[in-house]
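I opened this model to look up how its parts are put together. My notes follow the order in which I checked things.

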Amino acid sequence: MKNSHLIKALAYERLSEAKILCDNNKYDGAFYLAGYSVELMLKMKICQHFGVDNLFDEDSKDADKDSIASVRNAVKIHDIKRLLIFSGLKNKLDATKKNNIILMETHAYLIAGEKRCLWHEQVRYQPKGSQNPKHVQRLIELLPHNDGLLQWIEQS
C-alpha cells in the first residue's frame, strides 16, 4: 500500500467482499472483513494525519525511512479504538455519534465492547456461528452509507 488512495480502495474492496460473504450467509467472515475495512480506512486517515503516503510500505526508499519505521511500528496494530486515537478522530467520533444515528448504531455493532472492540483481529479465529447474522447484515448496510463510518472517517 504505497499511498492513502490505495489504502482507501482496498478498504472498499474488503467491504465489497464482506457483502458477498454476507449475501451468501457467511456472516463470520463478513464481519471480519467489514471490520477490516474500517481498520484500513483509519490507516488511510493516519497516513493523511501524519502526512506520509508510504507509512505502510516497508520497502520504501524514503530518506526518512528510519523515522517513518518508528511511526509504522506504533500503528501496525488491528485495534480500532487505538487507531481512532492515532488518526486523531476518537474524540470527534464520540461527539459526532451522539447526533448521528448511523454512527451510533455502527459503533454499537463494531466498537462498543466493554474491554475491547467487538471487532478485533481474533474474530477470524472464532467458530462458525459466532456472529449475529442480523447485526452483520446491518453493519454492512451502515458502513458505506453517506452518513456511515467509512465516509465519516474519509471526510473528517
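**Entry 1: ground rules.** I am working from a predicted model, in which local features need pLDDT of at least 70 and side-chain atom pairs count only at pLDDT 80 or more, while totals for chains, interfaces and linings use all residues. Residues are numbered from 1 along each chain as its sequence is written, and side-chain values use heavy atoms, with hydrogens and water left out.

**Entry 2: the whole chain.** I counted eight helices and zero strands in the protein chain. Helices (H or I, at least four residues) and strands (E, at least two) are DSSP runs, numbered from the N terminus. Along the sequence the pattern reads α-α-α-α-α-α-α-α. Of the 156 residues, 43% count as buried. Buried means under 20% relative accessible area, exposed over 50%, and partly exposed in between, with a 1.4 Å probe and protein chains only. I also looked at contacts (heavy atoms within 4.5 Å). Among those between residues at least 6 apart in sequence, 68% join residues at least 24 apart.

**Entry 3: α1 and α2.** I looked up the packing of α1 (residues 4-23) on α2 and found an angle of about 170°, with the axes 8 Å apart. Axes are lines fitted to C-alpha atoms, for helices over the stretch in contact, and angles run from 0 to 180 degrees between N-to-C directions. The two helices are therefore roughly antiparallel, a label for angles over 145 degrees; under 35 is roughly parallel, 65 to 115 roughly perpendicular and the rest oblique. The crossing of α1 and α2 is left-handed, meaning that the near helix is turned anticlockwise from the far one by less than a right angle; clockwise would be right-handed.

In the loop between α1 and α2 I noted N25. Its phi is near 60°, a positive value in a residue other than glycine. N25 counts as exposed, at 52% relative accessibility.

Y12 belongs to α1 and is partly exposed at 25% relative accessibility. Its C-alpha atom is 6.5 Å from that of S37, a residue 25 places away along the chain. Beyond its neighbours within four places in sequence, Y12 contacts M41, L150, Q151 and E154.

**Entry 4: α2 and α7.** This pair packs at an angle of about 35°, with the axes 10 Å apart. From α2 the contact uses Y27, A30, F31 and A34, and from α7 it uses P133, V136, Q137, L139 and I140. The crossing of α2 and α7 is left-handed.

**Entry 5: K43.** The side chain of K43 reaches the backbone oxygen of I77 at 2.9 Å.

**Entry 6: α4.** At the start of α4, a side-chain oxygen of D79 comes within 2.9 Å of the backbone nitrogen of K81. I listed the buried residues of α4 as I80, L83, L84 and S87. They cover an arc of only 105° around the axis, which puts them on the same side of α4. The arc is that of the directions from the helix axis to the C-beta atoms. After α4 comes G88, with a positive phi near 80°.

S87 is buried at 3% relative accessibility. A polar atom of its side chain lies 2.8 Å from the backbone oxygen of L84 and one lies 3.4 Å from the backbone nitrogen of L89. Not counting residues up to four places away in sequence, S87 touches L42, K45, I46 and H49.

**Entry 7: α6.** In α6 (residues 101-110) I found I102, L103, T106, H107, Y109 and L110 buried. Seen down the axis, they fall within an arc of 165°, so they line one face of the helix. They pack against α2, α4, α5, α7 and α8. N100 caps the N-terminal end of α6, with a side-chain oxygen 2.9 Å from the backbone nitrogen of I102.

Terms used:
A polar contact is a pair of N or O atoms within 3.5 Å; within protein, one must be able to donate a hydrogen and the other to accept it, and residues adjacent in sequence count only if both atoms are side-chain atoms.
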